Amino acid sequence: MHREAGMNLLVIGGSYFYGRVFLMVASKHHEITVVNRGTYSLEQFGVIHRVGERHDPQVWAGCRGQYDAVIDFCAYQPGDIACVLENLGGSTGQYILISTVDVYRRGIGGSKGEDTAFENRRFPGEAGEYIAGKVALEQELARECARKGTGGTVLRPGILYGPYNYAPRESEFIRIALQYHVIPRYTDADGRFQFVYVKDAAHAILACLADGKTYGRAYNLVQDEILDYEGFFQALAEAAGPGADRLPMTLEQAARGGYPIPFPATGAETELVSNTRSKTELGMTYTPFQEGMGKTWKAFSHVYREDHGEVKN
């Protein structure tokens, strides 16, 4: 496969959603080795695919050498970054960690910039474990990159949406609209939240590659609009066009009826961040939400085919 001259990249993860969209964009211009568990085929992207788990030393046998950058989509636990850098053996120019805006201290109000203090409380459940893990990994990245002489860059996306997102978020509402011809309206939800279109987030990685100005820096990735549930459902209705009725319900009724509530539902849950640094330093321009939702609807309408009242995958 012919490619334009580019960099030698190592991607950890990369077969699901954000990572997959990044491979779709980056594999056209760069030589890429992917290490993951092999859940989905990556043959169509022309990458070198090493199937295995990062803490298995044997998976790295074919990966030793020099990489311009490592892009890590699936570091979740302390030690995950040190493991990669230790096993590579060669020089690594840059390590890009995909983190989350959830690392920031909760409940302090305002629009948080990248220098806001980390959350240091441990919350229960999977969400709490996820946040604590990402905080620890950002700290680990700084230590390990300093020790190895590698440039470390952190990207903190907000709520990712777009084609290939099979998490029960916007795709589930699209499925409901196609199958039942209804779009909910949560009448008592006052939470606000910030999305980022997945292709924008993929281009943010490209903007960081081999750019020394991004070393030691972190970037929030969120679109310009701040949405609430009413705005989200309205955008979904406009993407759907005529034929889907709005169905008012309270949050309690939604929960009882099995409708998802995937985004912050109340003002108390609202946590907002600033995207100024990503726009000024990375040159990011974010896809307007209505445009991105239109593309997402179109993509998933080919997945959830309507056939006599049933939806087929």
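Biologist: What makes up the chain, in helices and strands?
Modeller: This is a predicted model. Its chain has 9 helices and 17 strands.

Biologist: Why is the chain called as compact as a globular protein of that length?
Modeller: Set the value against the rule. The radius of gyration is 20 Å, and the globule rule gives 20 Å for 313 residues. Along the principal axes, the C-alpha atoms fill a box of roughly 60 × 45 × 35 Å.

Biologist: What share of the residues is buried?
Modeller: Buried residues make up 50% of the 313. The chain exposes about 14,400 Å². Carbon and sulfur atoms supply 49% of that area.

Biologist: What share of the contacts joins residues 24 or more positions apart?
Modeller: Among contacts with a separation of 6 or more, such residues account for 76%.

Biologist: How many side chains are positive, and how many negative?
Modeller: There are 32 positive and 38 negative side chains. The centres of the two sets lie 3 Å apart.

Biologist: Now the rings. How many aromatic pairs does the structure hold?
Modeller: The structure holds 24 aromatic pairs.

Biologist: Why is the pair of Y161 and F289 called tilted?
Modeller: The centres are 5.0 Å apart, and the cut-off for a pair is 6.5 Å. The planes make an angle of 55°. Stacked needs under 30 degrees and edge-to-face needs over 60, so the pair counts as tilted.

Biologist: What makes this pair a tie between parts of the chain?
Modeller: Y161 lies in strand β8, residues 159–161. F289 lies in helix α9, residues 289–301. The pair therefore ties together parts 128 residues apart in sequence.

Biologist: How do you know that Y161 counts as buried?
Modeller: Buried means under 20% relative accessible area. Y161 has 0% relative accessibility, so Y161 counts as buried. F289 is buried too, with a relative accessible area of 3%.

Biologist: Why is the pair of F232 and F289 called tilted?
Modeller: The centres lie 6.2 Å apart, with 40° between the planes. That angle falls between the cut-offs of 30 and 60 degrees, so this pair is tilted. Both F232 and F289 are buried.

Biologist: Which helices does this pair tie together?
Modeller: F232 lies in helix α6, residues 229–240, and F289 in helix α9. So the pair ties together parts that are 57 residues apart in sequence.

Biologist: Which residues do ring pairs link into a cluster?
Modeller: The cluster holds Y161, F173, Y186, F193, F195, Y197, Y229, F232, F233, F263 and F289.

Conventions: Residues are numbered from 1 along each chain as its sequence is written. This is a predicted model: local features need pLDDT of at least 70, side-chain atom pairs count only at pLDDT 80 or more; totals for chains, interfaces and linings use all residues. Side-chain values use heavy atoms; hydrogens and water are left out. Helices (H or I, at least four residues) and strands (E, at least two) are DSSP runs, numbered from the N terminus. The radius of gyration is taken over C-alpha atoms; the globule rule is 2.2 Å times the number of residues to the power 0.38. Buried means under 20% relative accessible area, exposed over 50%, partly exposed in between (1.4 Å probe, protein chains only). Contact means heavy atoms within 4.5 Å. Accessible areas come from the Shrake-Rupley method with a 1.4 Å probe; for residues, only the protein chains shown count as cover. Lys and Arg count as positive and Asp and Glu as negative; His and the chain ends are not counted. The place of a charge is taken as NZ of Lys, CZ of Arg, CG of Asp or CD of Glu. Rings of Phe, Tyr and Trp (its six-membered ring) pair if their centres lie within 6.5 Å; planes under 30 degrees apart count as stacked, over 60 as edge-to-face and the rest as tilted.
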